[in-house]
Each structure stands twice: as C-alpha cells, then as structure tokens.
Amino acid sequence: MSTPVIGVLALQGDVREHLIALAAADAVARPVRRPEELDGLDGLVIPGGESTTMSKLAVAFGMLEPLRERVKAGLPVYGTCAGMIMVADKLLDGREDQETLGGIEMIVRRNAFGRQNESFEAAVEVAGIEGGPVEGVFIRAPWVESVGAQVEVLARYDGHTVAVRQGNVLATSFHPELTGDHRVHALFVEMARQSVGTVGATT
C-alpha cells in the first residue's frame with residue numbers, strides 16, 4: 001500500500017504535534033508555508049490555533065486562493081478546531097473580514113465551547129473509529145450549528161456536532177494530536193491513501 005505525503009499548514013498553530021501524529025499513522029508528513037509546497041501532496045492538515053490570525057496569514061503568504069483551489073479540486077483536507085473553522089462554508093461570531101476555504105457545507109460557531117480557561121477534555125465516540133471513544137481536547141473550540149445534506153456527522157458531544165466529513169474533507173472541533181491517540185489521524189491518512197490516483201489527487 002502507498003505511503004501518502006501529507007502536509008501540515010504551518011502558518012500558525014500546533015504544527016509539530018500534527019507532524020508527529022501523522023508520522024505515527026504511517027504518512028510522510030511535512031510543513032507547508034508557501035503555495036509551491038502544496039505540489040505533490042496527497043492530503044493537508046489545517047491545525048488548531050487562532051482562526052482569525054490563520055486567515056490573515058493565509059492572505060499575507062499568498063496561500064488563500066491556492067488552498068481554496070486544492071480543496072475544490074478534491075485534495076483530502078483535515079481541519080482541527082481553527083482548521084474546522086477554515087473549512088466551513090459559513091461562520092458565526094467571526095470577524096467581518098475573516099476568510100474561510102470552504103469544503104464542508106456547514107455553519108460553524110467560533111469559540112462556542114467557551115474561552116481558554118474553559119478548555120476541557122472529554123471522551124467522544126467517533127463514527128468510523130474502532131476501539132472505543134477518543135479523548136477530545138477542546139480548547140476555545142467551535143461547534144457545528146448546522147450541516148448540509150451531503151455532510152456526514154461523525155460525532156456529537158453534549159448535544160453539539162463536533163466531527164463531520166464531506167467527501168474528502170474531515171473536521172473536528174477537538175485536538176486529537178494532543179492526546180497520543182492517533183486513530184483520527186489514521187482515518188485521515190487512509191482517506192488520503194484512497195485518493196491517490198483518483199480524480200482530485202495531486203500525485
């Protein structure tokens with residue numbers, strides 16, 4: 001089986017933790033900061049961090065439109081926390097000038113679970129993940145207010161949608177890269193592996 005090459009958008013956020021988790025899930029992982037570094041990728045992770053800062057840096061580094069084009073072309077993408085916000089079609093409680101990439105037909109509420117000092121961990125049952133619940137780390141986390149007909153809801157916590165997938169785009173409100181449990185990353189690596197050689201793959 002092929003070993004997919006997966007980038008981690010390295011403009012801001014917990015990049016190192018994702019690189020480690022992806023490597024543990026049998027992918028070749030590398031940081032991505034410039035448009036030309038998108039070439040040759042089989043998948044891309046958009047990490048947690050600060051979504052408004054990430055949006056501004058994507059514009060400043062000339063990454064916004066190349067990222068949108070790759071998402072639209074079918075490149076597998078996984079967004080965690082701020083990354084979930086980045087792949088949403090619509091955003092609540094964001095800044096007026098805040099840009100997103102789109103990719104999942106959903107409305108996401110920014111900082112829905114509270115401020116930094118209200119961060120918490122919780123067990124979350126995720127559809128498609130075997131071996132019991134994953135430990136979700138929620139840090140100023142968003143939740144999904146509503147989804148379109150093509151979106152698969154993978155997990156809920158306290159009545160709120162916290163993990164979704166639409167085609168080749170996966171998103172979670174929480175940070176699996178901070179727990180040492182690499183099963184969510186393994187799910188995404190498998191998505192990227194299955195996309196190699198199909199329409200929308202870049203290798």
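A contact here means heavy atoms within 4.5 Å. Keep that in mind as you click through this predicted model.

**Start with the whole chain**

Show the chain as a cartoon. You will find five helices and 12 strands. The radius of gyration is 15 Å, close to the 17 Å that the globule rule gives for 203 residues, so the chain is as compact as a globular protein of that length. Along its principal axes the trace spans about 40 × 40 × 35 Å.

What share of the 203 residues is buried? Buried residues make up 50% of them.

Now think about contacts. Take those between residues at least 6 apart in sequence: 66% of them join residues at least 24 apart.

Colour by charge. The chain has 18 positive and 27 negative charges. Their mean positions lie 4 Å apart.

**Colour by confidence**

Switch to pLDDT colouring. The chain averages 92, and 96% of the residues score at least 70. Then select residues 199-203. Here the pLDDT is below 50. Beyond near neighbours in sequence, this stretch has 15 contacts in the model.

**Stop 1: helix H1**

Select residues 15-24, which form helix H1. Show the side chain of Glu-17, which belongs to this helix.

Draw a distance from Glu-17 to Gln-98. These two are 81 residues apart along the chain, and their C-alpha atoms are separated by 25 Å.

Move to Arg-16, also in helix H1. Is Arg-16 buried or exposed? Arg-16 is exposed, with a relative accessible area of 60%. Draw another distance, this time to Met-84. The C-alpha to C-alpha distance is 18 Å, across 68 residues of sequence.

**Stop 2: Asn-111 in its loop**

Go to the loop between strand S6 (104-109) and strand S7 (120-124). Select Asn-111 there. Look at the backbone angle. Most residues other than glycine have a negative phi. Asn-111 has a positive phi of about 55°, although it is not a glycine. Asn-111 is partly exposed, at a relative accessible area of 26%.

**Stop 3: Ala-141 across the way**

Where does Ala-141 lie? Ala-141 is in the loop between strand S8 (134-138) and strand S9 (143-147). Ala-141 and Asn-111 are 30 residues apart in sequence, yet their C-alpha atoms are 5.1 Å apart in space.

Ala-141 is buried, because its relative accessibility is 0%, and buried means under 20%. Now show what Ala-141 touches, not counting residues up to four places away in sequence. Its contacts are Cys-81, Asn-111, Ala-112, Phe-113 and Ser-173.

**Stop 4: Asp-158**

Finish in the loop between strand S10 (152-157) and strand S11 (160-166). Select Asp-158 in that loop. What is the phi of Asp-158 near? Phi is near 55°, a positive value in a residue other than glycine. Bring the surface back. Asp-158 counts as exposed, because its relative accessibility is 61% and exposed means over 50%.

Key
Residues are numbered from 1 along each chain as its sequence is written. This is a predicted model: local features need pLDDT of at least 70, side-chain atom pairs count only at pLDDT 80 or more; totals for chains, interfaces and linings use all residues. Side-chain values use heavy atoms; hydrogens and water are left out. Helices (H or I, at least four residues) and strands (E, at least two) are DSSP runs, numbered from the N terminus. The radius of gyration is taken over C-alpha atoms; the globule rule is 2.2 Å times the number of residues to the power 0.38. Buried means under 20% relative accessible area, exposed over 50%, partly exposed in between (1.4 Å probe, protein chains only). Lys and Arg count as positive and Asp and Glu as negative; His and the chain ends are not counted. The place of a charge is taken as NZ of Lys, CZ of Arg, CG of Asp or CD of Glu. pLDDT is the predictor's confidence in each residue, from 0 to 100.
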